[in-house]
Amino acid sequence: MCSESDFLIKTYVSSSLPSNDDLISDMEWDPQVIESELPVMVMFTAGWCGWYCPAMTDILEELDTKFTNRFKFYTLDIDDEEAISTRYHIQGVPTNIIFKGGDEVARVDGYYPDKVRELVDQYV
């Protein structure tokens with residue numbers, strides 16, 4: 001889970017029922033992702049995503065529990081935040097990007113839970 005100082009945004013994985021309030025927005029992007037002292041994984045998703053996005057949420061819940069206070073996990077709806085989605089050339093969902101020190105350091109396009117776990121372990 002993200003620290004209480006992240007009051008503008010809740011992690012998607014800490015919510016039992018996904019809602020728009022759990023998604024990061026363009027206004028929150030720089031302070032929560034780019035300027036974060038911790039590594040951050042952002043799952044780019046969409047309301048129309050099939051079973052892959054909910055299934056990836058289960059993986060993120062597991063990782064969030066394992067790496068509390070060492071890694072942040074957020075989601076971004078590509079339809080609601082088109083500017084960010086375009087900036088990072090998102091072609092499909094789910095797409096998971098790891099940011100460290102403000103830079104994109106790794107990406108997983110599609111549903112590859114083992115690869116996501118491996119990258120989090122690598123960048124924590």
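Helices and strands are DSSP runs, numbered from the N terminus. In these terms Gly 102 sits in the loop between β3 and β4. The model described here is a predicted one. Gly 102 has a relative accessible area of 17% and is therefore buried, the cut-off being under 20%. Leu 38 lies 64 residues from Gly 102 in sequence. In space the C-alpha atoms of Gly 102 and Leu 38 are 9.8 Å apart.

The sheet comes next. It is open and has 4 strands, in the order β2-β1-β3-β4. Its pairing is mixed. Strands β2 and β4 (103-109) form the edges, and each pairs on one side only. From one strand to the next, the twist averages 25°. In general, strands of a sheet pair through backbone hydrogen bonds, in a parallel or an antiparallel manner. Strand β1, residues 40-45, runs antiparallel to β3, and 5 bridges join the two. Val 40 has Phe 99 of β3 as its bridge partner.

Two helices were examined against this sheet. Helix α2 packs on the sheet and touches β1, β2 and β3. The direction of α2 makes about 165° with that of β1. Helix α1, residues 26-34, lies across β1, β2 and β3. The angle of α1 to β1 is about 145°.

The largest nonpolar core holds 34 residues. Within this core, Trp 29, Val 42 and Phe 44 touch the most other members. At least two core residues come from each of α1, β1, α2, β2, β3, β4 and α4 (113-123). One aromatic cluster is made up of Trp 29, Phe 44, Tyr 88 and Phe 99.

Aromatic pairs number 9 in the structure. One of them is formed by Trp 51 and Tyr 111, with ring centres 5.3 Å apart. Their planes meet at 65°, so the pair is edge-to-face. Trp 51 lies in the loop between β1 and α2, and Tyr 111 in the loop between β4 and α4. The pair therefore ties together parts that are 60 residues apart in sequence. Trp 51 has a relative accessible area of 53% and is exposed. Tyr 111, at 25%, is partly exposed. Phe 71 and Phe 73 form another pair, with ring centres 5.2 Å apart. Here the planes are at 25°, so the pair is stacked. Phe 71 is buried, with 1% relative accessibility. Phe 73 is also buried, with a relative accessible area of 1%.

The count of disulfides comes to 1. Cys 49 is joined to Cys 53, with an S to S distance of 2.1 Å. This distance is within the 2.5 Å cut-off, so the pair counts as a disulfide. In general terms, such a link is a covalent bond between the sulfur atoms of two cysteines. The link of Cys 49 and Cys 53 is right-handed, with 90° about the S-S bond. Both Cys 49 and Cys 53 are buried.

Some backbone features remain. Most residues other than glycine have a negative phi, and most peptide bonds are trans. Asn 69 has a positive phi, near 65°, and is not a glycine. This residue, Asn 69, is found in the loop between α2 (52-66) and β2 (72-77). Asn 69 is exposed, because its relative accessible area is 54% and the cut-off is over 50%. His 89 likewise has a positive phi, near 55°. The loop between α3 and β3 holds His 89. With a relative accessible area of 58%, His 89 is exposed. A cis peptide bond joins Val 93 and Pro 94, with omega about -5°. Pro 94 is found in the loop between α3 (82-87) and β3 (95-100).

Definitions and conventions:
Residues numbered from 1 in each chain as written. Predicted model: local features only at pLDDT ≥ 70, side-chain atom pairs only at ≥ 80, totals over all residues. Heavy atoms only, no water. Buried < 20%, exposed > 50% of the residue type's maximum accessible area, 1.4 Å probe, protein only. Pairing = 2+ DSSP bridges. Axes fitted to C-alpha atoms, helices over the stretch in contact; angles between N-to-C directions. Contact = heavy atoms within 4.5 Å. Core = buried A, V, L, I, M, F, W, Y, C linked by side-chain atoms within 4.5 Å. Phe/Tyr/Trp six-rings, centres within 6.5 Å; stacked < 30°, edge-to-face > 60°.
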